[in-house]
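Opening my notebook on this one.

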Amino acid sequence: MHASDIRTDLTTVLVTEEQIHEKLAELGKQIDADYAGKELLLVGVLKGAVMVMADLSRHLSHNVEIDWMAVSSYGTSTKSSGVVQIRKDLDTDMAGRHVLIVEDIIDSGLTLSWLLDNFASRGAASIEVCALLRKPAAAKVEIDCKYVGFDIPNDFVVGYGLDYAERYRNLRDVAVLAPHVYTGE
Ligand code: XMP
Ligand code: MG
């Protein structure tokens, strides 16, 4: 296996670190206002949402609870299989809770749609979604996402938590992955 070279692995930077933090501050204000006087449970979807959760939650003045769920639908390919598996369930009972799902990206929407169905039977007082990124052109199902950071084109992106084969998560910006990385050409 060749060591990958970050300069040739990425094509364009789509969203910069500064843009991300500005947007998360804005969304944080909105979320604070919307949940005023309510207790909020943030549910992060591992592993991609780790950075969004860390930064968004620190923009909230709310004293929130944070829990994590791990699901998989991807493997190392760049397309959603639509077959979702729970790898780690929540530790928290969401009955009667106001739940905000924190996601890195809505691509086909299949994962979130499955997750929302799964959560529907757990008796939450409310369930909303916050996603940093969304690819409108890739949608296979409509997701009612109340808080969206950026709509982006239908390219495979990495950085700020998003990976290809577990790499690039530590990039500070969100960038388009050069197709040669995943086609092997
Ligand atoms: P879907 O298609 O079900 O996406 O909405 C579910 C999960 O797949 C990951 N995903 C990506 N990861 N670059 C990535 O690094 C992408 O462009 C991308 N699109 C989807 C992500 O974890 C998402 O929650
Ligand atoms: Mg994810």
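In which sense do strand 6 and strand 7 pair, and over how many bridges? I looked it up: strand 6 (residues 126-134) and strand 7 pair in the parallel sense, over 4 bridges. Two strands count as paired here if DSSP finds at least two bridges between them. Helices (H or I, at least four residues) and strands (E, at least two) are DSSP runs, numbered from the N terminus. Within this pair I found alanine 131 opposite valine 148 of strand 7.

Note on provenance: this is a predicted model, where local features need pLDDT of at least 70, side-chain atom pairs count only at pLDDT 80 or more, and totals for chains, interfaces and linings use all residues. Residues are numbered from 1 along each chain as its sequence is written, and chains are lettered from A and ligands numbered from 1 in the order in which they are written.

I get 6 strands in an open, mixed sheet, ordered 4-3-2-5-6-7. Strand 4 (85-88) and strand 7 (147-151) are its edges, each pairing on one side only. Neighbours are turned by 30° against each other on average, direction ignored. Axes are lines fitted to C-alpha atoms, for helices over the stretch in contact, with angles from 0 to 180 degrees between N-to-C directions.

Then the helices. Helix 2 (residues 17-34) lies across strand 5 (98-106), strand 6 and strand 7, at about 160° to strand 7. Contact means C-beta atoms, placed from the backbone, within 7 Å.

Last, I checked the other sheet: 3 strands, open and antiparallel, in the order 1-9-8. Strand 1 joins strand 9 (residues 174-177) through 3 bridges, and valine 13 has alanine 175 as its bridge partner in strand 9.

Note on methods: Two residues are in contact if their C-beta atoms, placed from the backbone, lie within 7 Å.
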